[in-house]
Amino acid sequence: MHVPDGFINAPTSAATGVIAAGAVAVSLRGARRELDERTAPLAGLVAAFIFAVQMLNFPVAAGTSGHLLGGALAAILVGPFTGVLCVSVVLLMQGILFADGGLTALGVNITNMAIVTTVVAYALFRGLVKVLPRTRRSVTVASFVAALVSVPAAALAFTLMYAIGGTTDVSIGKVATAMVGVHLLIGIGEAVITALTVGAVIAVRPDLVYGARGLTRKLKLRVNGELVDAPGAEPEPAPVAARTSHRKVWAAGLVTSLVLAGFVSFYASADPDGLEKVATDHGIDKKAEEHSAADSPLADYGVKDVDDARLSGGWRASSVWVSRSSRAPACSGPCAAAVRTTRPRRRPRARRARPAPRASDMGAGHAHKLYRHGHSPVHALPPHTKLAAVFAFVVVVVSTPREAMWAFGLYAVLLAVVAYLARVPAGFLLRRLLIEVPFVAFAVLMPFVAEGERVDVLGMSLSVNGLWGAWNVLAKGTLGVAASVLLAATTELRELLLGLQRLKLPPLLVQIASFMIRYGDVITDEMRRMRIARESRGFEARGVKHWGVLAKSAGALFIRSYERGERVHLAMVSRGYSGAMPVIDEVTASRAQWSYALALPLSALAVCLVGWTL
Amino acid sequence: MDAVTASLEVSGLAFAYPDGHQALFGVDFAIARGERVALLGPNGAGKTTLVLHLNGILTGGTGSVRVAGLPVGRQHMAEIRRRVGIVFQDPDDQLFMPTVREDVAFGPAAAGLKGPELEERVDRALERVGMAEFKDRPPHHLSFGQRRRVAVATVLAMEPEILVLDEPSSNLDPASRRELADILRSLEVTVLMVTHDLPYALELCPRSLILSEGVIAADGPTGELLSDEELMRAHRLELPFGFDPRSVTMGA
Ligand SMILES: Nc1ncnc2c1ncn2[C@@H]1O[C@H](COP(=O)(O)OP(=O)(O)OP(=O)(O)O)[C@@H](O)[C@H]1O
Ligand SMILES: [Mg+2]
């Protein structure tokens, strides 16, 4: 689950932003050390893989299915640094291109989903691999445990952030219990799939599994009938983690504490009240799904009927929400999206028959689904000014006191003006806003579960604080999504990348993003072909017992992605690449363009300041 | 052949992939400057693997590769990659930039070209392959054959001395196939062309090498090799129905 704007207050968002930026910077260095000039293509392709694999559905039972979060998998396959980078880039692109996850919540999302999962998983994994006997089975076991723990760990991190900067008063104990409890369950799925996938990769290309380096044998060559040792390319650098000797102790401590925390909260929450699976409100869920069959904003990922074709619409709209039956909150965890409920037996035909033209791309190159071609003054603005303006606008919105309801109305008017100037029709914008649906559900629950003073509305006892919280999340989240959608609707992908480059995002990060976008649909396409190949041989994944086959596909997909990354690197090298991308295009903005773009956040700022003083 | 003037010289090259599968078992041959040579052989013979050794993309086996006398290795890598241009089998691997123009510009820009000079180089290369009007399209929106042509342009833009093409004619329509042949003939460079298209090899390359099971099984004039039925059968090479290499008069 991608946290939207307004969920976590501004100071905490800023703090997590700093943490995320720091971690990404460290990872950039670390990845460079490991992959040197291959970093950009390889990390880009792995990011595209993670993006694709998050859409690979693993059916659980009775219409429920889950998908990988991928943090643990990335860490084990490509190492912690590259892993953090890849998942971060995926999140960044999801935020900018698809308005998925708030721009101001990027720090929160990256910290939870990219950093915590990856680091926890890798530390555990290395620890276990060192303790266990040196066999491939140990690698699988270690992957299982690492992935299992990584998910509740991210939930715990989210709870911590919520405790510090949550915008609604909900008992933190309950949040923690429910979050960690349910994510432990989700973690089991993640663990099985991760372990199977790592197993599938290690069976074919053991040298590709970063976490299992050192388990490979020396290559032999047969020359004129004699076996000789291959001189080998440059020796692989030893994994950084392998050098520290305290690691074992550290990892063991970590396992114990995390597993304990996980189990305690799991049992705590399994009291007579029990965990109750509150699937997303059916009305809402249904609405989102029907929509996706037609022209859904959620289909923007443009996944061409990947796996079971539900993804485009279903994967975010119907997360599982868990609450204690009395008043505990539903948890939109960083990870809740990992399991989604779907009404059984409604899926096959109608969905497959979705019109094919949709099968354009997740956006590579020039057309991503949110983009609307046009020649308005907003389209013509240089991309970096637009990025800066939208980001500043969202920051202002998030910093506005929630009591100043009129201010949010004015913000909405400001966005409407921009939409008008950009000739983005209202209908288009409103439809795109449905991306927010899960949070509407969350907001609806808030008044019921929050603490403090209560009021009676239509005979229901609601928490005042909860009502404010719901309003806060809805207003800020919606404005955030609307602003991002406007940005994406008026800026071509290529331009967005140039804008990010111009805004001094580290070049390596921009390159990784650019490769991810270039190859995103090549890889989802490969995934689709694999599914077609499976199905045309009579295989259809129906439940847990088919995970093995799907994980093998995921493993194969990883190998293909990685090898393609290698080939792309080779093609680059063949044309003289030596680590720095030549700058071919650059964007510039005049002062007038800047002031035009900044008019939006500046007027918003004026509104905000009035809001604080009133 | 005199080793000093050889444009490309490969000796004793053996190589195994990281998964342990050995693809080359000691390959020897030399190509003189300005020659056009076809590299023939069945699927899985190791042709692509060999090609990847020619500019140091694959290393770590035994034996040696020399380009214009320079050993392919760490110290001459930049020089060698400037001289050897490889068009890969899968154009998707080759076209990694967001637009056709940027992709073609990548090589020359990496070599330090800028501004109008760069634009001109890009335009010329695209013109040559007839893809000038696709300049601003993203590569993955092109058809396979168009991508292949752009891939050729990316290499032509670098003006290499040795041009290595891995199955350049596959997926091209007959007219494009002929146009590509015209381009190749018009260039004054050494060409090594991997192909399954035997008439194409005969048309373009006076000399051929047959790579089979990781070694060079035959080396000689293309017409002669293609007429040697026993040799052809032994290496799973088949001429298209009704094609007789002896009846073709070569205009190369
Ligand atoms: N990355 C790889 N890892 C392991 N084995 C490989 C790899 N690439 C190729 N091989 C194997 O090496 C052998 C030679 O492959 P290569 O791609 O060089 O064949 P080729 O002659 O180009 O075939 P084709 O005509 O089908 O393109 C094959 O048996 C192939 O399976
Ligand atoms: Mg080949």
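Q: Which residues of α18(A) are buried?

A: In α18(A), the buried ones are L493(A), R494(A), L496(A), L497(A), L498(A), G499(A) and L500(A). Buried means under 20% relative accessible area, exposed is over 50% and partly exposed is in between, using a 1.4 Å probe and protein chains only. Helices here are DSSP runs of H or I with at least four residues, strands are E runs of at least two, and both are numbered from the N terminus.

Q: Before we go on, what are the ground rules for the model?

A: It's a predicted model, where local features need pLDDT of at least 70, side-chain atom pairs count only at pLDDT 80 or more, and totals for chains, interfaces and linings use all residues. Residues are numbered from 1 along each chain as its sequence is written, chains are lettered from A and ligands numbered from 1 in the order written, and side-chain values use heavy atoms, leaving out hydrogens and water.

Q: OK, what covers the buried residues of α18(A)?

A: The cover includes α4, α13 (383-399), α17 (464-490) and α19 (507-536) of chain A, together with α4 (100-110) of chain B. Since 7 of the 10 residues of α18(A) are buried, it is largely enclosed by the rest of the structure.

Q: At what angle do α4(A) and α18(A) pack?

A: About 120°, with the axes 12 Å apart, for α4 (residues 80-98) and α18 (residues 493-502) of chain A. Axes are lines fitted to C-alpha atoms, for helices over the stretch in contact, and angles run from 0 to 180 degrees between N-to-C directions. The two helices are therefore oblique to each other; under 35 degrees would be roughly parallel, over 145 roughly antiparallel, 65 to 115 roughly perpendicular, and the rest is oblique.

Q: Which residues meet there?

A: M93(A), I96(A) and L97(A) from α4(A) meet L493(A), L496(A), L497(A) and L500(A) from α18(A), with contact meaning heavy atoms within 4.5 Å.

Q: And what comes after α18(A)?

A: K504(A), with a positive phi near 70°, although it is not a glycine. K504(A) sits in the loop between α18 and α19 of chain A and is exposed, at a relative accessible area of 67%.

Q: Let's hop to chain B. How many residues of α4(B) are buried?

A: 10 of its 11, so α4(B) is mostly covered. Those buried residues pack against α18 and α20 (547-574) of chain A, plus α3, α5 (115-128) and α6 (144-156) of chain B. Just after α4(B), G112(B) has a positive phi of about 105°.

Q: Now the magnesium. What are its protein donors?

A: T48(B) through OG1 and Q89(B) through OE1, lying 1.9 to 2.5 Å from the magnesium ion (ligand 2). Donors are N, O and S atoms within 2.8 Å of the metal (3.2 Å for Na, K and Ca), and water is not among the atoms, so sites may look incomplete.

Q: Where do those two sit in the chain?

A: T48(B) is in helix α1 (residues 47-53) of chain B and Q89(B) is in the loop between β6 (84-87) and α3 (91-94) of chain B, 41 residues apart.

Q: Are they buried or partly exposed?

A: T48(B) counts as partly exposed at 28% relative accessibility, and Q89(B) counts as partly exposed at 32%.
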